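Reader: Please take a close look at one part of this model, the nonpolar patch on its surface, and then connect it to the helix packing and the charged pairs elsewhere. Plain wording will do.

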Amino acid sequence: MADENSSQQNKNIAAQLIARIDRLPVTVLPLSVVISLAFGYFIALYDVIDVGIAFSATSLQYTGLTSSEASIVVSLGLFGYIPGALLLGYLADRIGRKPMLMTTALLTAIGSLGNAFSSNFIEFSVFRFITGMGIGGDLILVPTYLVEMVPAKNRAKYFNLVYIAGWAGLGLGPFMASYIDVANPEIGWRVIFLVGATLAFIVFAIRGHASETVRMLVLKGKIDEAEKVVKDMEEKAMKKAGVTTLPEPTVFNFETKKVDPFYVFKNPKYRVRVIAVMLSIFFFYFGEYPYLTEFLLWTSTVPSLNSLSNQITLYYGDAGIATFIGAILLRAVIDKVRRPILTTISYFVGMVLGVAIAVIGATSANLTMMLIGFVLANLIGVGWSNQLNYLNGTENVPTYARATAFAFSDGVAHLGAAISTAIILSIIPVLGAVTTWILFQIPMVIMGIILIFVLPNTIGKSLEEINEASAGV
């Protein structure tokens, strides 16, 4: 009986601690932690698109790879996302968010450094796979850490702040890399990889000073440590907001169990949510990644564009800034419109229309039209969709399985990227460029519409209210 009373008391304290975080008027994550999370995303997103620039027609001849080998290397990096996400996500639920966030940074650093000094297909493949594992894990753990450590009110806006910084990797990164590549094609591609490696080592060092998330400490029964972290957050929040008291916390009573993270799939509500999100992201990656990594390779095979390769590379890099701007624009609506609705809009307006305009511009050698397509695809398609996907994946599952469930969704979904990047160049000659590129985007819109009917409204709600208190364990 004493053990039962003690267990119930810990549950009550845990619920109180979580509620105390959710009522904070401002987010108070240390600046160093915010920077390390943001730069983790900067590196991940920088790497996703800059590998396409490193293997562009401008510098490909200096890498020692053929066009087909480069395409395989890109795909192997994407295949690395899957074991990276699944393994590191699972370990994050079993061991903790912090140690796995450090592991992802270290893997990314080692892989990028190895690619900078690669000289043959095997070396590129091995280090690209390692980089993929690190990035795959980071893409899971950064949003998981964020949603667990920021208040419920305007959670998406706090989440968006780190994304804005991270999205500079898809904005400023390609802009910088394209000029590095064109300025000195012989070694520029190596510098592109070295930049990513250097930043990853810095992130690894900074993350060592971060605290574990309160929700994870509570789940592990480390109540005293969780209390210390929450108290520190409350003191900083009052000082930052200029108040002497905080609102009363709204406590949601919910059941907890010591179960394996994969237990989440036994709950039909979570199972439907996770599978729907996974398919949505799968088809998004199926259409997005060929645009991010194969578009320049494809244009290098179009005879009418042979003399324009440098200009196309620069336009492609310049348009990357629109991704950064898009993340900023999303801030105005992200906590006003349901996530699935915004997701569907970004899929259609950004990816379907944006990519279609870019491809039509390319096939007609109309560089202005191509640039307009690049900007639209980056502004809405890439700038909005990824962070909305990650909110959908992390907000709709319980704490004990948050990293694992999202790792399953995002990890398996990256098969869509690996498959599409491997086959699109061979399909284009059969179906035609415009038809192929548009067909690769349509399924994501269909899945976006399905999400509207599957996922609950999460705006301004505690993670426990959305999940444990209403959907159970």
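**The nonpolar patch and the helices around the chain**

In this predicted model, L106, I110, L113, F117, L194 and F201 make a nonpolar surface patch of about 490 Å². Two helices, α5 (97-116) and α8 (185-207), each supply at least two residues of the patch. The most comes from α5, which gives three residues.

From the patch we turn to the packing of helices. Two packed helices are described by the angle between their axes and the distance between the axes.

Helix α4 covers residues 67-94 and helix α6 covers residues 121-149; they pack at an angle of about 40°, and their axes are 5 Å apart. The crossing of α4 and α6 is right-handed. Sorted by class, the contact of α4 with α6 has 17 nonpolar residues, eight polar ones and two charged ones.

Next is the pair α13 and α15. The axes of helix α13 (residues 321-330) and helix α15 (residues 367-395) cross at roughly 55° and come within 7 Å. These two helices, α13 and α15, are therefore oblique to each other. Their crossing, that of α13 and α15, is right-handed.

The remaining pair is α14 and α18. Helix α14 (residues 339-363) packs with helix α18 (residues 442-454) at an angle of about 165°, with the axes 8 Å apart. An angle over 145 degrees counts as roughly antiparallel, so α14 and α18 are roughly antiparallel to each other. In this pair, α14 passes α18 in a left-handed crossing.

That leaves the charged pairs. Side chains of opposite charge can pair when their charged atoms come close. The structure holds 14 salt bridges. Among them is the one in which the side chains of R23 and E234 meet, at 2.4 Å from N to O. R23 lies in the loop between α1 (2-22) and α2 (31-54), while E234 lies in helix α10 (residues 223-241), so this pair ties together parts that are 211 residues apart in sequence.

Notes
Residues numbered from 1 in each chain as written. Predicted model: local features only at pLDDT ≥ 70, side-chain atom pairs only at ≥ 80, totals over all residues. Heavy atoms only, no water. Axes fitted to C-alpha atoms, helices over the stretch in contact; angles between N-to-C directions. Helix = DSSP H or I, 4+ residues; strand = E, 2+ residues; numbered from the N terminus. Left-handed = near helix turned anticlockwise from the far one by under 90°. Nonpolar A, V, L, I, M, F, W, Y, C, P; charged D, E, K, R; others polar. Patch = residues over 30% accessible without salt bridge, like charges linked within 9 Å, V, L, I, M, F, W, Y side chains within 5 Å. Areas by Shrake-Rupley, 256 points an atom, 1.4 Å probe, with all protein chains shown as cover. Salt bridge = Lys/Arg side-chain N within 4 Å of Asp/Glu carboxyl O. Parallel < 35°, antiparallel > 145°, perpendicular 65-115°, else oblique.
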